[in-house]
Amino acid sequence: MKLLHALTLSAACVVSLVALSAQSPGSVKAFTGARVIDGTDRPPMDNATIVVRDGKIVGVAPASRAMVPANAERVSLDGKTVIPGIVNAHGHVGNTVGLEQGHYSADNVLRDLKTYAAYGVTTVYSLGDDRAEGIFARDSQRTPSLNRSRLFVAGPVLNPKSVDEARTLVNQNAAMKVDIIKIRIDDSGPTEMPPDIYRAVIDEAHKKRLRVAVHLFYLDHAKSVLDAGADFIAHSIRDADVDAALIAALKARNICVCPTLMREVSTFTYESTPPWFADPLFVKHADMQAVEKLKEPARQEQMRNSAAAKRYKAGLEVASRNLKKLSDAGVKIAMGTDTGPPARFQGYFELMELEMMAKAGLTPRQVLASATRDAARCMKLDGEVGTLETNKWADFVVLDADPLADISNGRRINAVYVAGNSVAR
C-alpha cells in the first residue's frame, strides 16, 4: 500500500466517519442505582451513582455521598450491574464482508465498530492491515458525542524481506502515526521471518517510540522475540507448555500475553453447525449470509478433513493450559480474540472468549480484569479506559446479572454506553 493512498481520504469517507458521532449529548448525566464493579481492586459498590460530564467520569460513589448537579440528566440503573467497557487487545476492523477478506472501507470500519460496541466491547485494538479510514476513525474519537467503539491501529502488518526493507516499512508505518507495529514471524506462510529481520523491525520501531506486537505459535520463537525486545505477544504459545525461562522473560519486562482462544475455535468449530448459531444474541448482529455458507455440508466436511483444523484444535488445549500457567505465575493477560477476519464474529466472540478463559481455570474476577483494566494497561490505554474512575471516558456495560458470580452473565447485556451515550443495540 502506498503511503499517499494510506493517508488520503475522500470527502465522502470523512462524512461517513463523522456521521456516527453527530449526536449532541447532554453535558451532565447521572447513572443511578446500579451495583458498580469499577475494574479496580476495590470491592463492588452497591447503589452507586456515576456522574458523567462531557463524556468523562467526574465521580463514582454510593448514592448517599454522590454529588449530582441539579441540572443533570438522571438515568436509572436500579437492579443492574455495571462493568467497565470491554477492551479487546487484538481485533481487526474494516476488512471483511461475509466470508471474504480484502474490502476495506470507511463503511466497513464503522459497521465493525458499531458491532463491537453492541456487545459491550467499547475499545478495540486493531492489530493489522488498517488504512486511512481506520486512522481517521481513531483520530476523531476523543469527543463527548462518541457512540461506537474506540479504535487503535497497527497499520499494515510488516513482512519485510531484508533488514533495509524492515527499517523502511517501520518508517512508513510511523509516518501514518500508527499506535503499534505488528509482525508475523511464523504460522502465516511458507517461510518464517528470520531473526535478523525481526530484530531490525523491533530496533527501528523502538527508535520511533513504537512498540512491536508479534504473531507467533512456537515457544522457541516467543523466547527469541522477547530476547530481541518484542513488546506484546499477540497469541498463545500453542506447540508446547510454557516453561520457567519464558515466564521469567515475560515478567522481567512486564510483557503481556494475549490468548486469542476463540481464534483457535474458529479454525475447527465449523466442521459442524455450532449451537450458538441459534443464539438470538448472536443472530441479532451476525452476517447471516456468512452463517448459511458455514452451514454448507461440503464446507463442513472440508473442515473436518483439514490437517490445519486438527492442528489448531490440539493447539487450543495447549493454549488453555498455558493461559492458566501464565496467569498463576503473575504474567499479565490481555483479553483478545483476533476477531474481524472471516468467520470470526466481532463482539460475540469476545463474550465467548471470557467464558473460554474461565474454562481454562481463571476466576471470573481474573477474566473480567483481563478484559478491562489489564487489557487497557497492556495496550497503554489505561489513562483513558479500562476502569470506571474520575477523568476516564464513561464507557461501560450495564448487565442484568453479576459476572463475578458467573462470567457467562456477561452475555446478559441491558445497555452499553460510550462516553455516556447509549449505544444502538
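In this predicted model, helix α7 passes α8 in a left-handed crossing. The two helices pack at an angle of about 30°, and their axes are 10 Å apart. On the α7 side the contact is made by Leu219, Ala222, Lys223 and Leu226, and on the α8 side by Ala245, Leu246, Ala249 and Leu250. Seven of these contact residues are nonpolar, one is charged and none is polar.

Helix α6 has 13 residues, which should span 18 Å at 1.5 Å a residue; the end C-alpha atoms are 18 Å apart, so the two values agree. After α6 comes Arg209, with a positive phi near 60°.

Elsewhere, three strands form an open sheet in the order β6-β9-β10, with parallel pairing. Strands β6 and β10 stand at the edges with a single partner strand each, so one side of each has no neighbour in the sheet. Neighbouring strands are turned against each other by 15° on average, direction ignored. Between β9 and β10 the parallel pairing runs over four bridges, and Val124 stands opposite Leu151 in β10. Helix α3 packs on this sheet and touches β6, β9 and β10, its direction making about 135° with that of β9.

| Helix | Residues |
|---|---|
| α3 | residues 106-118 |
| α6 | residues 195-207 |
| α8 | residues 244-252 |

Notes
Residues numbered from 1 in each chain as written. Predicted model: local features only at pLDDT ≥ 70, side-chain atom pairs only at ≥ 80, totals over all residues. Heavy atoms only, no water. Expected span 1.5 Å × (residues − 1). Axes fitted to C-alpha atoms, helices over the stretch in contact; angles between N-to-C directions. Left-handed = near helix turned anticlockwise from the far one by under 90°. Contact = heavy atoms within 4.5 Å. Nonpolar A, V, L, I, M, F, W, Y, C, P; charged D, E, K, R; others polar. Pairing = 2+ DSSP bridges.
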